[in-house]
Amino acid sequence: MSRVLVVEDESIVAMDIQNRLRHLGYDVPAVALSGEDGVEKAMALNPDLVLMDIMLKGKMDGIAAAERIQECLHIPVIYLTAHSDKDTLERVKITEPYGYLIKPFEERELHTAIEIAIYKHRMERKLKESERWLSTTLSSIGDALIATDVEGRVKFMNIVGEKLTGYRETEALGKDLAAVFRIINEKTRTVMDNPVMKVLRDGRIVGLANHTVLIARDGREIPIDDSAAPIRDDEGEISGVVMVFRDISERKQVLDALRKSEQRYRLLFDSNPHPMWVYDPETLAFLEVNEAAVKQYGYTREEFLRMTAKDIRPAEEVPRYLKRIAEIKDCYGASGVWRHIKKDGTVIDVEITAHPLTFAGRRARVLLAYNVTERKRMEDALRLSEDRYRDLVENSQDLICTHDLEGRILSLNDAAVRLIGYDGRKLLQMNIRDILFPEAREAFDNYLTGIRQDGIADGIVAVKTATGEKRIWEYHNTLRTEGVSVPLVRGMAHDITERMNAQKEMKKALSLLHATLESNKDGILAVDKNGAILTFNRRFVDMWRIPDSVIASRDVKQVQLFVSEQLADPKGFLTRLKEIYFDPEKDSYDELRFKDGRYFERFSQPQFLGNNIVGRVCNFRDVTRRKAAEDAKAALEEQVRHLQKMEAIGRLAGGIAHDFNNTLTAISGYSELLLTRMKPGDPMRREIEGIKRAGERAATLTSQLLAFSRKQILQSAVIDLNAVVTGMDKMIRRLIGEDIDLMTVLFKELGSIRTDPGQIEQIILNLAINARDAMTSGGTLTVETANVDLNEEYARAHMGVKPGRYVMLSIADTGVGMTPEVREHVFEPFFTTKEKGKGTGLGLSSVYGTVNQSGGSIWVYSEPGRGTTFKIYFPRVDELPETRPEQETDKSLRGTETILVVEDDHEVRRLIVRVLQERGYKVMEAPQGGDALLICEKYAEPIHLILTDVIMPLMNAPQLIERLKKVRQDFKVLYMSGYTDNAIIAQGVLNLSMNFIQKPFTLNGLAQKIREVLSGN
């Protein structure tokens, strides 16, 4: 998919182009709104093409931006414009765009322009690559090459052409070929026709005549041969000429020599005392032999002419001979020493020289053979002796020297000359003392005295080279007196300077290695290929807590046994060690878990000496903290996943509760209305009461779902948690029964929290009921409070928790506990482990939602058979607990005031209007906010109360009330809703100071709330 960058300063136009491009299947990685932004994004994204508006706002217009992009990235650009003046169009042409679109344009035009531009750019790039490849190829061939245009002007010249003509390509380009390539006839000295002109005239390949000479720029005359060929375009028309030529000086010299030799051939052939013959190089048949060959080989001339050259060679050498013949087939000369067989079977060594010639009108070769059998035997013996001596003296890396008994140097080998640094001839004029340091000269006199007496001397001496460098030699010298005219000392010395320096460096390196090993935080152990301990650092001993007595023994089995006993899987560790020895070239890595909870990483790799494995180096790193951090990270990721799942379920639960609330309001309201009209003995009363109870149970479920999804209205107050727990003591004891003990551990100076007291009581009751059900055979329920401070470390390990001061509520039981699978789902709605019909699965989910809505967090700790503990953390506040006066209940739920009911649900609105009218109120109704506004504008009498749903189409309740206040000020407001999530409270649609009643509600509850609002309570 091609990537297109759009540069357009009109955002609407840019968006339209972007949509069109994506519809056509292009990728649009970005849109730039200015020239500067376009350049920056092109540099960052490197798209395949840029659509560039010419007229851009800002300092850089589209043309300048396109120039910058093409300069740096060579990306094709298509211009977009609605209109342009002549000067702008001239600037556009200079940038050589790949297309030009006039706005407005069709989608088909856009697609065609882009595809053509991308294809053209791709072809240009391939053409450039082809031109680079061709230029490199032509420049690297061995022959000279010149290419011209149809006018005969030079267009290209390779390096070999530059060398032969004497002109550089840059000098020759554009010149007429005759000015660079001047040729004459070697014999007549006349100027020859330019071959390029012949090609252009005749339209075919031509070659130079013999005896052609090139006159180079410096006057050199170079014999050449060449060929020139036409270059044709796609229509077959000649567009230029390519000429290839080469220097044939060497070949010409050989041909001249051959010609002269042929003139002397017959005289030399017939009178030569050494065997000669002419043979066919294809069939190897003898064509002619001289008298010397007949005499030496024992065959008659007639026998020779019936034989081939293979017949005079030992059978085992024939394959090598045939291979050699094939190799020299087209070579001018050939030579070498071969073994031949005479007619009597004698094998002789002959040195041959062979040359090609034309014999009787056919290709042939003439061969001269020298019998070198005796010479070769003597040469081989001498060569063997000389080679041995030469190898000893000349190829020796040691210094070989002779000097007389005064110390004068008589001879030196190349190694000695090279190491001392003086010229060899100068050294032969020097004394050994001249190349010694002053402190070594006195020792040299003692050396001469000793070798005169003992005839042998060994030692070490400091030598001063020509550059003043000090070299250390270790020597072994002997005195020779026999077979020589004067006594001389022959000695051999070995330069040990590097060895002594290396020993010093090795000591430093070993010291550095020891310091490095000991400073390493990892434990290091090196063993040989059999597993024996070579070295280790102190960190290794300390990490593994190896006693000194064990490590000092260097007994690898004893050390392995000691360390493996500390591991959680000792057998696995020893097995992996064995695997290393079965595959010694393999790198090895594993993690080691200790019984005490520590973790080590072990990495080992083979140690090579050259290509041979000599041992292994093992690295041990304590990663206990890192593993703990990884485990904590994994736990935190699991918490994130769980929280995300709970959030998703919460949104679903809140939506379900909202959808049911209006329906439940109608069901509960109408059943309650029917019951008020029935007599006590009415046979339908029981059924209606069943409907009412079902509606109440459904309302309880939706209330719990709202609690879980944190979409309920909390009546928050600053409370003392200890007082709530103490006030519920009797209720909890009655709830859990006599076979369960209740223990309360309350912190005396407990801080205050801000939450809904009623919801806190509901949390404690739900957790107490769960604890009771988990202790079927009795047990202990412990309720505990405490002040806690949660730090950064705790917050990092518990998703959603912020560091700070908290009040903890802990409820623990000694029941059956939970499995990890149950613990993972315990706060999800409708999840329960109880039998069917014994629980809705909403108790803990509502606890979870209420705690989170109060800004707290809840965590469960449980294992099968070890009970369960719920710990709840509420943010601690510095305010004192509030004392709330009891609300006086107005016993009369009737009234005569005027109420405007605004409700978009028809059934709920009709029910409310009917109930209020029956209770004496004057009621008006409106299905939405606009209708309510009209009523208030037209109704001149007072409206005492607006009873309105919060969320309605077109206009919500707060917006309605705000507009009504501009019309009249004589009313109070009671809001109602079945959906009170963040869209209502957190986003400011309602606040907690407003009068509110939650759907579904009972008719009495509604009547009582209306009286409270109208009475001002």
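How many helices and strands does the secondary structure of the protein come to? The count is 34 helices and 39 strands, in a model that is predicted.

**Figure 1. Overview of the predicted model.** The protein has 1017 residues, and buried residues make up 41% of them. Among contacts with a separation of 6 or more, 58% are between residues 24 or more positions apart.

Figure 2. H121 has a relative accessibility of 15%, so it counts as buried, the cut-off being under 20%. Neighbours within four places in sequence are left aside here; beyond them, H121 is in contact with H74, P76 and Y98.

**Figure 3. Close-up of a nonpolar surface patch made by L89, Y100 and I102.** The patch has an area of about 240 Å². One of its residues, Y100, is found in strand β5, which runs over residues 99–102. Y100 counts as partly exposed because its relative accessibility is 32%, between the cut-offs of 20% and 50%.

**Figure 4. Close-up of a negative surface patch formed by D233, D234, E235 and E237.** E237, one of the four residues named in the title, lies in the loop between strands β11 (221–232) and β12 (238–247). With a relative accessibility of 51%, E237 counts as exposed, for which the value must be over 50%.

Definitions and conventions:
Residues are numbered from 1 along each chain as its sequence is written. This is a predicted model: local features need pLDDT of at least 70, side-chain atom pairs count only at pLDDT 80 or more; totals for chains, interfaces and linings use all residues. Side-chain values use heavy atoms; hydrogens and water are left out. Buried means under 20% relative accessible area, exposed over 50%, partly exposed in between (1.4 Å probe, protein chains only). Contact means heavy atoms within 4.5 Å. Patches are made of residues with over 30% relative accessible area and no salt bridge: like charges are joined within 9 Å, nonpolar side chains (Val, Leu, Ile, Met, Phe, Trp, Tyr) within 5 Å. Accessible areas come from the Shrake-Rupley method with a 1.4 Å probe; for residues, only the protein chains shown count as cover. A salt bridge is a side-chain nitrogen of Lys or Arg within 4 Å of a carboxyl oxygen of Asp or Glu. Helices (H or I, at least four residues) and strands (E, at least two) are DSSP runs, numbered from the N terminus. Lys and Arg count as positive and Asp and Glu as negative; His and the chain ends are not counted. The place of a charge is taken as NZ of Lys, CZ of Arg, CG of Asp or CD of Glu.
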